[in-house]
Amino acid sequence: ICRRAFWLLVSSPPFLASSISSLFTIWKKMAMFKVSRVETTPIDGQKPGTSGLRKKVKVFVQPHYLENFVQSTFYALSAEKVQGATLVVSGDGRYYSKDAIQIIVKMAAANGVRRVWVGQNGLLSTPAVSAVIRERVGHDGSKATGAFILTASHNPGGPHEDFGIKYNMENGGPAPEAITDKIYENTKTIKEYLIAEALPDVDIAAIGITSFMGPDGQFDVEVFDSASDYVKLMKSIFDFQAIRNLLSSPNFTFCYDALHGVAGAYANRIFVEELGAQQSSLLNCTPKEDFGGGHPDPNLTYAKELVARMGLGKSSPQDEPPEFGAAADGDADRNMILGKRFFVTPSDSVAIIAANAVEAIPYFSGGLKGVARSMPTSAALDVVAKHLNLKFFEVPTGWKFFGNLMDAGLCSVCGEESFGTGSDHIREKDGIWAVLAWLSILALKNKENIHGGKLVSVEDIVRQHWATYGRHYYTRYDYENVDSGEANQLMAYLVQLQSSLDEVNEIVKGVHSDVSNVVHADEFEYKDPVDGSISKRQGIRYLFEDGSRLVFRLSGTGSEGATIRLYIEQYEKDPSKIGRDSQEALAPLVDVALKLSMMEQFTGRSAPTVIT
């Protein structure tokens with residue numbers, strides 16, 4: 001090849017010689033790499049949870065730990081999804097991400113991947129990754145077939161905190177259980193991994209393409225702008241001009257808190273540059289490896305600065321609270337919606353979006369295909385679906401279950417009580433999408449009074465929704481980092497207790513005689529209407545005669561120990577009773593739940609870590 005290039009160079013006319021010389025220079029600069037096969041042994045505990053593998057950073061930095069999981073993932077994929085394929089590798093920018101990206105790039109090269117796409121500085125929100133897989137076309141016509149997403153979502157970051165990795169498929173959604181099960185089985189038998197150890201690190205801060213040559217031919221790493229594809233998609237879904245008109249109203253004030261997560265990479269582009277919001281309306285929008293030392297979980301406990309600014313803190317804010325506030329988690333797939341001195345539960349949020357989507361959001365102008373919620377989420381969405389005659393689905397926790405419904409054209413809007421809301425525009429929950437949906441609803445409700453008169457507020461919209469559909473009083477108690485053995489004992493006890501509803505109701509009446517009887521108790525099981533797969537043991541349910549529910553579930557999103565989640569719900573149709581304080585209304589059911597489960601006896605906890 002060198003001799004032929006030299007012959008072409010010296011024998012070509014001058015007008016061709018310069019071009020051939022440039023190509024020859026590029027070829028010479030293209031680094032060569034060899035593939036190494038590194039011996040390894042299985043490492044215990046690499047079973048992916050509902051959102052991938054999450055552990056402490058100190059676990060991930062152990063020799064071979066990340067490499068074993070990545071190679072096991074490559075082995076779990078079909079050959080065409082690896083050999084010659086295009087993969088996305090990026091994440092929320094948490095500590096260890098930059099090192100992990102370089103390792104995965106080297107392993108992708110060694111496994112025959114043709115090209116890797118990396119968001120600038122290694123940053124891509126989880127919803128943006130899904131959008132990139134589904135929408136982006138490379139300069140050479142390439143399309144991504146999957147992605148390694150580096151995130152532990154709403155968990156803290158830093159040298160002593162959490163890291164995570166998960167694989168998303170060609171539809172942009174999380175790998176299904178069939179794939180994650182294969183990954184786990186591979187981690188238990190792995191003997192070697194492939195890596196191009198001598199491959200130089202790629203500068204992920206600089207946009208551009210770096211090319212290398214290896215045994216399988218050319219390998220490219222393209223660093224691209226993190227926000228462009230996602231912003232383009234949002235502009236195709238929402239009426240940005242209507243939202244811009246709302247934000248320009250002197251009566252409307254706005255606040256968005258990224259909690260120093262990856263949402264900050266999108267907030268300025270969307271809210272300030274595209275929609276005209278004031279720069280001062282953005283809080284904590286500089287992504288940081290440790291999330292500024294905070295916990296990037298958008299709830300009333302951890303989004304303290306936003307909660308205080310919105311007038312929901314323990315002390316009154318110095319200034320009048322904004323009309324609308326929102327927060328994101330570390331990887332920007334979750335959201336919290338707030339009005340002035342008013343909290344919108346995630347269960348109510350998805351129901352309100354569904355009820356108003358067709359009129360407020362151009363993407364849905366042709367109607368909704370159906371709606372879905374996770375089992376622990378309140379039944380507020382069920383009532384909307386029944387009222388609007390929509391297909392409705394109740395699925396286990398985990399966004400991959402929504403993805404199947406969306407791919408089959410059965411679901412348009414879906415949500416989880418854990419601050420996740422989304423639609424079929426991608427196959428992940430999408431925090432910024434939810435914020436834009438709420439701003440669209442506010443723009444619709446206020447189109448006649450943007451320039452004067454009293455605005456229809458977030459609280460007004462929620463209370464009108466309750467008046468129409470009834471209110472689902474709802475709360476969630478999280479007991480984090482519980483000893484796994486104790487947590488499993490508690491769950492086993494609750495299952496055993498279900499065998500005698502008489503005994504259950506005796507306990508219930510002994511706590512509060514005015515609480516309804518339990519009429520059904522089970523472990524939730526789901527048969528997917530699309531592929532027929534069955535998911536068992538998805539949460540323990542106690543269903544009451546008046547429609548109230550108690551649900552107990554172990555969360556799969558922590559990095560150590562166990563998180564017990566207790567969900568408490570009570571439905572109220574009487575308009576005269578929908579304005580009560582939620583914790584006051586639910587107090588009798590809370591007492592029943594804690595006594596029925598023997599929570600303190602099993603866990604030693606006298607109070608939950610977080611109440612939502």
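1. Buried here means under 20% relative accessible area, exposed means over 50%, and partly exposed is in between (1.4 Å probe, protein chains only). By that cut-off, buried residues make up 58% of the 612 residues in the protein.

2. A word on the source: this is a predicted model, where local features need pLDDT of at least 70, side-chain atom pairs count only at pLDDT 80 or more, and totals for chains, interfaces and linings use all residues. Residues are numbered from 1 along each chain as its sequence is written, and side-chain values use heavy atoms, with hydrogens and water left out.

3. Overall, there are 20 helices and 27 strands (DSSP runs: H or I of at least four residues for helices, E of at least two for strands, numbered from the N terminus). The C-alpha atoms fill a box of roughly 95 × 60 × 45 Å along the principal axes.

4. Now the α8/α15 pair. Helix α8 (residues 228–237) packs on helix α15 (residues 431–445) at about 30 degrees, with the axes 11 Å apart; axes are lines fitted to C-alpha atoms over the stretch in contact, and angles run from 0 to 180 degrees between N-to-C directions. Tyr230, Met234 and Ile237 of α8 meet Ile432, Trp433 and Leu436 of α15, where contact means heavy atoms within 4.5 Å.

5. Then look at helix α13 (residues 380–388): its buried residues are Ala380, Leu381, Asp382, Val384 and Ala385. Their cover includes α12 (346–360), β16 (371–374), β17 (392–395), α16 (458–469) and β20 (471–482). Just past α13, Asn389 has a positive phi of about 55 degrees.
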